[in-house]
Amino acid sequence: MKDFGATDSVGAKRRPDLLIWGAAIFLVLAAAFAAAPALRAGPATLAGLLLLGGVAGVAILGLVAIRASTAVTDPEPEGAELFVDALSEPAALTAADGRILAANAAWAQAVGDARRLPKGAAGAGLFAALVKAREGAKGEGGRADGTLVIGGHERRAEAARLRGGRLLVRLPTVIEKEVFVPTAAPAPVISQSAPAPRTLDAFSGASPFGAALLDGLDPFNSRILEANPALTAMAGAVPAGTLFGALIDPPSRTEAETRLAEGKAGPFEVRLARDPTRIAHLYLYRADGRLVAYLIDVSEQKQMELQLAQAQKMQAIGQLAGGVAHDFNNLLTAIQLRLDELLHRHPVGDPSYEGLNEIRQTGVRAADLVRKLLAFSRKQTVQREVLELGELISEFEVLLRRLLREDVKLITDYGRDLPQVRADKSQLETAVMNLAVNARDAVRAAKGGGVVRIRTARLTQDEAQSLGFPGAEGDQAFIEVSDDGPGIPPEVMGKIFDPFFTTKPVGEGTGLGLATVYGIVKQSDGWIHVHSRPGEGAAFRIFLPVHEPTPAQEAAAAAAAAAPEAAKPRAARDLSGAGRILFVEDEDAVRGVAARLLRARGYEVLEASDGEEALIIAEENAGTIDLLISDVIMPGIDGPTLLKKARGYLGNAPVMFISGYAEAEFSDLLEGETGVTFLPKPIDIKTLAERVKQQLQAA
């Protein structure tokens, strides 16, 4: 028996406490002195008797308390220590705070000579059991089970509450399991060894994912003993004795074998040999000398991940392209306005006119490039109208035949019951033209000529989903442009809609054709899908929502058709005028040139470089401003916010916004405003002067 010298060991009685005995003596004396007045008055008096009885009662209670304090706190015999010493298993008597009062030799050998129970993670389970045992373990007779980690192994411990507040701790069992310690190379399988199975269990056999029992520990070189029906559905017939590696596509199998050899943990991403487009996750469960392999088909999940990544990439590129186009528009506007000023000074016949005109034509080409960037980024100004799908393509067919040349044959296929769509006509024509021109270039480069086919149809939801629009809802308008060329290589399929990406020779393409198509389709609330296999040509499929007019829209359309066509306002020949204009533009080059040209035509122009300065000028000239011309995107206060804050100073004066972004980008910020028009950048002085005069005349 190992005795740790505790002051409350089993069988050891407490010594008399001199302080307690002194207190008892003084208590008796105090009671006697208190009883003296009653005794002096005589026992016949009632008050004296009551006082004497009370003092006697207090004295008795004090003596009982003293007796209880000097009694043995634990009447348990010393046999408890003998019992612990007689146990063959490790055992110890402990206090509630973890101090070891006594322990047998087996405990000292197993746990050590420490005076306290182990703390921290090693003794957490045991201390929890001590708390339960001390509290009575809720009906378990003061017993509780816990665990104690010794030397990296976990052992079961039993705690029992004894009288006097002490606890008996025993370690009755052998080692149950080894505590897992992470290493640099985790095991590539997900379970520990178990008895070697002969067949798949009921769960694996009926599971909706593939499962196979392998005869060996090398998954790709082991033979299949049994496969469940789900694996057969994924990989085809799997007879017993087939190598499991034969079910995996060789390139992905090599990669998985490399990861397994490096000690990487699963799952392993593999492709099936039967259909390499299908992707599965491989999990391995190790039994004694055998493996159970699980294959979970994640093809749809991977497809959604790729679509999400592509959408995020295109969105990021679109934002970049839109920002570049906006800044470029400001530069083009300044160049064109300056050219207008120079051309006014150097008319036809001037030696400088030809050079200035060439610069102007280059600026027009640059503006077209900007429009393509804006179309891709879905920030181009859109003028939607209801279009008949068949009429749109048939009217455009004549121009397409001229573009495709004689060595490329154009075939059109118009379906029945073609729907209406609500889109920008010029944008949609541009999208179809770009696809047709790309198809023409593909067939001419491959074999000197070929066939380009344009097909239109009305599709049901199921038909649209089968042709490549997984999120189709309801009927869809369908436009397909296909060719019989070489097709699109798989390695470039993911880049075809990127701006400035092209497979054409240098100087033959800008790389914005398909990017523009992508932006137009998205801005029209549509979907575009590409179907191509090498050697079989390519097909670009555009899906647009079908426009179903409401009864009110049908009545309005009928009334508009019956009414005589209103005469369009003629452009003013005299571009001069009078009025006070507040011109707000953060680009100095644009603001300075435009203001100077407007002043030359008779207008008084107040310039502001930002919204804050414009507010001050509007307040100083309240009620005298005839027209506000403002950029939309500016540092600080933007154009729509400026209008709301300055409306009280402007009165009913008309407002004209100029911007390189589409009107739809900020139209929701102008809700409730009237007399607001929009002029897209880049602008020239003629267009600006015409619009200014129209606005002032209308006001």
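Predicted model: local features only at pLDDT ≥ 70, side-chain atom pairs only at ≥ 80, totals over all residues.
Are Arg 170 and Glu 89 buried or exposed? Both are buried.

1. Arg 170 and Glu 89 form a salt bridge through their side chains, with N and O 2.3 Å apart. The two residues sit in distant parts of the chain, 81 residues apart. Arg 170 belongs to strand β6 (residues 167-170). Glu 89 lies in the loop between α3 (79-86) and β2 (91-94).

2. **The network around it.** The pair does not stand alone. Glu 89 and Arg 170 are linked with Arg 143, Asp 145, Arg 156 and Glu 158 in a network of salt bridges. For the whole model, the count comes to 26 salt bridges.

3. **Strand β6.** Its side chains point two ways. Leu 167 and Val 169 point one way, Leu 168 and Arg 170 the other, and all are buried. β6 pairs with β2 in the antiparallel sense over 4 bridges. Within that pairing, Thr 94 is opposite Leu 167. β6 also pairs with β5, again antiparallel and over 4 bridges. Here Ala 160 has Leu 168 as its bridge partner.

4. **The β5-β6 turn.** The hairpin of β5 and β6 has 5 residues between the strands. Gly 164 takes a positive phi near 90 degrees in this hairpin.

5. β4 runs antiparallel to β5 (residues 153-161), with 8 bridges joining them. Gly 146 has Ala 157 as its bridge partner in β5.

6. **The β4-β5 turn.** This hairpin has 2 residues between the strands. Gly 151 takes a positive phi near 60 degrees there.

7. **The five-stranded sheet.** Another part of the model holds an open sheet of 5 strands, in the order β9-β8-β12-β11-β10, with antiparallel pairing. β9 (223-227) and β10 (268-271) are the edge strands. Each has a single partner strand, so one side of each is left without a neighbour in the sheet. From one strand to the next, the twist averages 35 degrees. Inside the sheet, β11 (residues 279-287) and β12 (residues 290-297) run antiparallel and are joined by 8 bridges. Ala 280 is opposite Asp 297 of β12.

8. **Pro 250.** This proline lies in helix α8 (residues 250-261). Pro 250 counts as exposed because its relative accessibility is 52%, and the cut-off for exposed is over 50%. Pro 250 and Ala 273 are 23 residues apart in sequence, and their C-alpha atoms are 7.4 Å apart in space.

9. **Arg 458 and Glu 548.** This salt bridge has its closest N and O atoms 3.1 Å apart. The pair links distant parts of the chain, 90 residues apart. Arg 458 is in strand β16 (residues 450-459). Glu 548 is in the loop between β19 (538-545) and α15 (551-562). Arg 458 is partly exposed, at a relative accessible area of 25%. Glu 548, at 53%, counts as exposed.

10. **Arg 599 and Glu 607.** The closest N and O atoms of this salt bridge are 2.9 Å apart. Arg 599 has a relative accessible area of 38% and is therefore partly exposed. Glu 607 is partly exposed too, at 27%.

11. **The largest pocket.** Its volume is about 1400 Å³. The lining has 29 residues. Nearest the centre lie Gln 303, Leu 306, Gln 307, Met 493 and His 529. By class, the lining has 13 nonpolar, 11 polar and 5 charged residues.

12. **Who builds the lining.** α9 (299-345), α14 (513-523) and β18 (527-532) each supply at least two residues. Which element gives the largest share? That is α9, with 9 residues.

Key: Residues numbered from 1 in each chain as written. Heavy atoms only, no water. 1 Å grid on protein atoms, 1.4 Å probe; cavity = no way out; pocket = protein on both sides within 12 Å on 5 of 7 lines; lining within 4 Å. Points joined across faces, edges and corners; volume = space filled by probe spheres on them. Nonpolar A, V, L, I, M, F, W, Y, C, P; charged D, E, K, R; others polar. Salt bridge = Lys/Arg side-chain N within 4 Å of Asp/Glu carboxyl O. Buried < 20%, exposed > 50% of the residue type's maximum accessible area, 1.4 Å probe, protein only. Pairing = 2+ DSSP bridges. Axes fitted to C-alpha atoms, helices over the stretch in contact; angles between N-to-C directions.
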